[in-house]
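Welcome to this short briefing. Please take a look at the model below, and then we will walk through some of its features together.

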Amino acid sequence: MQLFYHVGRYFMLTATVLQRPEKFSIYRRQIIVEMDHLGLNSLGIVAIVSVFMGAVVTIQTAFNTDHPLLPAYAIGFATRQAIILEFSPTVISLILAGKVGSRIASEIGTMRVTEQIDALEIMGVNAASYLILPKIIACLVINPMLVVISMFLGIYGGWLASAITGVVPLNNFVYGIIFEFSGFDIFYAIIKTLVFAFIIASVSGYYGFYTKGGALEVGHSSTRAVVLSSINIILFNLILTQILLA
Amino acid sequence: MIRIANINKNFGERQVLEDISLRFEQGKTNLIIGKSGSGKTVLMKCLVGLLEADSGHIFYDSRDFLRMNTRARKTLRKEMGMLFQGGALFDSMTVTENVVFPLNMFTNKSKGEKIRRAGFCLDRVNLHNVGHLYPSELSGGMKKRVAIARAIAIGPKYLFCDEPNSGLDPPTAILIDKLISEITRELDITTVVNTHDLNSVMEIGDHVAFIHQGKLWWTGSNREILHTSNKELNSFVYATELMRCLRQ
């Protein structure tokens, strides 16, 4: 019953969030601020994770596909496919769910327990929309950019690992990277990222918005937001993979 | 003027407001007093729509708040200002940004006009040269004054104050009380103040309503409160040694 209660309330909140804003200029300014807070501040961690992820995928693939019948460029090919199709959109989204999701839930939760949201509502402001919509739009704009950067850096990490360890000749690795490249893979990754971005911002916003109590409950909301966002990302990853690649 | 009629509110099985009918006059400071847990905060939250009353009517002049749709309520709320117990200032904004916020949201004034209006409101609450500070850099009394400035920035018709002087030293508390009273008269607005502070009652209580166990027990002025025969009100008013000494 609790699940239905939360799902129903989540959709009701989402409907309120997506209502027409009171003043577009205020929201526009908020979106830019949120893009800075939620997106650009995550660039560092995305870069580090992506480079190392690409390097590890390359080394793992090289050691596990050591067979005379498999061409050496298959390592580069497998690295590219793994990074573009799964690691960048899904793993980076999971990391952003932790970093951005907890920030959104704790920020909105703190505003709730300190009556700032009540103050907005008394003024006649659609508090849900004012607080959550700019975050959703910021995530929808910034997360795909972060994921595309992650793809480049992941492949660069693989190239770097090849160059340093010599697990695969560099010319073979580069050939594998460009071998039978399909633009649809990027499209597929972007679609997944957009869905995950919406999940991260809206689920975290939901938990923050309905926080009750004090500082301890803000912490609980933040944790729940990260856990539920991550579970939903994994669930929708499966659904979208089936829909888009079947 | 605000008139409430037969307001009831339950939380599950527990009835927290029982058949309350009251009238808050325009241009006067109307106080709701009572012990902690008596239901006065719930009543105020019902008045402003943060909680939904189960039954009854709340008339803002002739407009029934409880029978309004969401759009009409939003419009009416632009005529309300509220001072929260903790101030509820937006902590990521400076003092000026806090005061300008409702003007940004609901007016098409130029930036200069909005800044001038914010400056006027801050001057009115005797705050000078603090516009660049953040709420975390202000004292409790200053936060309350900024909250008042924000509440009056857009020119409300109704002002609600929830425990406006809680946590303040007596001189600052009196300053806040006087400010609320002066603004009420100057702007000719309907002000409702929620308090359990008897100093506030004596300073600014034009009209006082005593709530006890979710029911309205007594109404009158701050002068009448000292001579009432109402037993529950007497035990509230004369709860402190100081008040008992004054009575003798």
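Two strands pair if DSSP finds at least two bridges between them. Helices (H or I, at least four residues) and strands (E, at least two) are DSSP runs, numbered from the N terminus. This is a predicted model, in which local features need pLDDT of at least 70 and side-chain atom pairs count only at pLDDT 80 or more, while totals for chains, interfaces and linings use all residues. Residues are numbered from 1 along each chain as its sequence is written, and chains are lettered from A and ligands numbered from 1 in the order in which they are written.

**The sheet of chain B**

- In chain B, 6 strands make an open sheet with mixed pairing, in the order 6-7-8-3-9-10.
- Strand 6 and strand 10 (215-220) of chain B are at the edges with a single partner strand each, so one side of each has no neighbour in the sheet.
- From one strand to the next, the twist averages 20 degrees (axes are lines fitted to C-alpha atoms, for helices over the stretch in contact, and angles run from 0 to 180 degrees between N-to-C directions).
- Strand 7 (residues 158-162) and strand 8 (residues 190-195) of chain B run parallel and are joined by 5 bridges.
- B:Cys161 has B:Val193, in strand 8 of chain B, as its bridge partner.
- Helix 5 (residues 140-153) of chain B packs on the sheet and touches strand 6 and strand 7 of chain B; the direction of this helix makes about 175 degrees with that of strand 6 of chain B.

**A residue in strand 9**

- B:Phe210 sits in strand 9 (residues 207-212) of chain B.
- B:Phe210 is buried, because 25 other C-beta atoms lie within 10 Å (20 or more means buried, 12 or fewer exposed, and in between partly exposed, with C-beta atoms placed from the backbone).
- Leaving out residues up to four places away in sequence, B:Phe210 touches B:Ile33, B:Gly34, B:Trp217, B:Trp218, B:Leu233 and B:Phe236 (contact means C-beta atoms, placed from the backbone, within 7 Å).

**Two loop residues with positive phi**

- B:Asp61 is not a glycine, yet has a positive phi of about 55 degrees.
- B:Asp61 belongs to the loop between strand 4 (55-60) and strand 5 (63-64) of chain B, and is partly exposed, with 13 other C-beta atoms within 10 Å.
- B:Ala88, also not a glycine, has a positive phi of about 55 degrees.
- B:Ala88 is in the loop between strand 6 (80-83) and helix 3 (95-106) of chain B, and counts as buried with 24 C-beta neighbours inside 10 Å.

**Where the chains meet**

- 13 residues of chain A are in contact with 14 residues of chain B.
- Helix 5 (residues 116-122) of chain A gives the largest share of chain A's side, 5 residues.

Definitions and conventions
Contact = placed C-beta atoms within 7 Å.
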